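These are my notebook entries on one structure. I looked up a few places and wrote down what I found.

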Amino acid sequence: MSSVIEARRLSIDYDTEHGPVRAVDNVSFTVARSERLVLLGPSGCGKSTILKSIAGFIRPSSGDILVEGRAVTKPGPDRLVVFQEFDQLLPWKTVRDNVAFPLKVARGKSGAEARALAEAALAKVGLARVIKDYPHTLSGGMKQRAAIARALAASPEVLLMDEPFAALDALTRGTLQHDLLALAEELQFTLVFVTHSIDEAILIGTRLHLLSAHPGRTITTFDTSGIGAAQLGSPQFRALSEEIRHTLFGRRSGAAA
Ligand SMILES: Nc1ncnc2c1ncn2[C@@H]1O[C@H](COP(=O)(O)OP(=O)(O)OP(=O)(O)O)[C@@H](O)[C@H]1O
């Protein structure tokens with residue numbers, strides 16, 4: 001299977017007033033086409049930092065990232081990010097224009113083409129009824145749906161998601177997780193998803209990349225391609241969740257010792 005993303009010996013330092021602080025240490029992984037890789041680890045282990053480096057917002061201190069064989073040096077429409085925050089949409093544009101705008105600017109679509117693509121993407125995420133509304137009239141879940149539609153409409157090589165459902169209530173979060181999985185099945189996009197929720201990781205991911213506490217180092221990976229929504233709450237799901245919890249906490253207490 002060909003790799004869409006290849007991260008090779010990635011180390012990332014932040015410059016602080018006390019000097020450089022290592023956030024990510026020597027992390028490598030590949031993501032195959034249509035795979036859903038979840039970066040999972042405790043708070044501060046560098047998950048968002050890795051995601052931002054794939055997006056091209058942060059340059060690695062050493063190592064490199066290839067997307068479709070090309071080195072990432074800056075952000076691009078081939079790697080679009082959905083963030084946790086609800087304020088990702090432009091408040092002065094309608095929901096449809098929020099989705100259409102980047103298609104015109106980054107993908108060179110005509111106005112009519114961009115609007116048609118935007119409407120199709122919004123219908124896919126269940127927002128057909130609100131395309132002419134403004135973002136402030138939407139719920140948090142609807143705003144996240146619109147952000148997902150905006151990313152998917154541009155047909156990126158890779159969809160990057162940084163805890164996109166973390167600020168939602170449990171019920172809405174569950175619905176969006178299931179809808180994201182249905183979209184992934186239908187559209188077969190390649191996804192890198194960041195979370196610190198073990199159950200969300202198992203549900204969303206086809207492979208989990210576990211990171212240690214600060215600085216983030218690879219602990220191990222889990223193949224979860226055979227486990228999805230149908231297994232949620234099953235003994236198999238719970239056993240895997242426990243094993244991952246043990247792996248993360250075991251290594252953490254080991255590191256502390
Ligand atoms: N701009 C920055 N300057 C200095 N240090 C930073 C900066 N951004 C992040 N860090 C540090 O880098 C480390 C990794 O942060 P990062 O946000 O990537 O972790 P995370 O695993 O995504 O955490 P969380 O789950 O809490 O969002 C943390 O120790 C954080 O304090």
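**A loop residue to start with**

I began at Ser155, which sits in the loop between α4 and β7. The helix and strand labels follow DSSP runs, numbered from the N terminus: helices are H or I with at least four residues, strands are E with at least two. Residues are numbered from 1 along each chain as its sequence is written. The model is predicted, so I noted that local features need pLDDT of at least 70, that side-chain atom pairs count only at pLDDT 80 or more, and that totals for chains, interfaces and linings use all residues.

Ser155 is not a glycine, yet its phi is positive, about 45 degrees.

**Other loops**

Glu68 lies in the loop between β4 and β5. Its phi is near 50 degrees, again positive in a residue other than glycine. Glu68 has 14 other C-beta atoms within 10 Å, so it is partly exposed.

Thr73 belongs to the loop between β5 (70–71) and β6 (79–82). Is Thr73 buried or exposed? I counted 10 other C-beta atoms within 10 Å, so Thr73 is exposed.

Pro215 is placed in the loop between β9 (207–211) and β10 (218–223). The peptide bond leading from His214 to Pro215 is cis, and its omega is near -5 degrees.

**Strands**

I looked up strand β7 (residues 158–162) next and found 5 of its 5 residues buried. Val158, Leu160 and Asp162 point one way, while Leu159 and Met161 point the other way.

Which strands does β7 pair with? Two strands count as paired if DSSP finds at least two bridges between them. β6 and β7 are parallel, with 4 bridges, and Arg79 is opposite Val158. β7 and β8 also run parallel, joined by 5 bridges; here Leu159 has Leu191 as its bridge partner.

There is also an open sheet of 4 strands, antiparallel, in the order β2-β1-β4-β5. β2 and β5 each have a single partner strand, so one side of each has no neighbour in the sheet. Strand β4 (residues 62–67) and β5 are joined by 2 bridges, and Val67 has Arg70 as its bridge partner.

**Two helices**

Helix α5 (residues 170–187) has 18 residues, which should span 26 Å at 1.5 Å a residue, and its end C-alpha atoms are 25 Å apart, which agrees. The expected span is 1.5 Å times one less than the number of residues. Leu176, Gln177, Leu180 and Ala184 are buried in α5. They fall within an arc of 105 degrees seen down the axis, so they line one face of the helix. The arc is taken from the directions that run from the helix axis to the C-beta atoms. On the face turned away from the buried side of α5 I found the exposed residues Leu171, Ala182, Glu185 and Glu186. The cover over the buried residues of α5 includes β3 (36–40), α4 (140–153), β8 (190–195) and α6 (198–204); contact here means C-beta atoms, placed from the backbone, within 7 Å. Just after α5, Gln188 has a positive phi of about 55 degrees.

In helix α3 (residues 111–124), the buried residues are Ala114, Leu117, Ala118, Ala121 and Leu122. Their arc is only 135 degrees around the axis, which puts them on the same side of α3. They pack against α2 (95–105) and α4.

**Around the ligand**

Which residues come nearest to the ligand? They are Tyr14, Ala23, Ser43, Ser48 and Thr49, out of 14 around it; near means a C-beta atom, placed from the backbone, within 6 Å. α1 gives the most to this shell, 3 residues.

Conventions. A residue is buried if 20 or more other C-beta atoms lie within 10 Å of its own, exposed if 12 or fewer, and partly exposed in between; C-beta atoms are placed from the backbone. Two residues are in contact if their C-beta atoms, placed from the backbone, lie within 7 Å.
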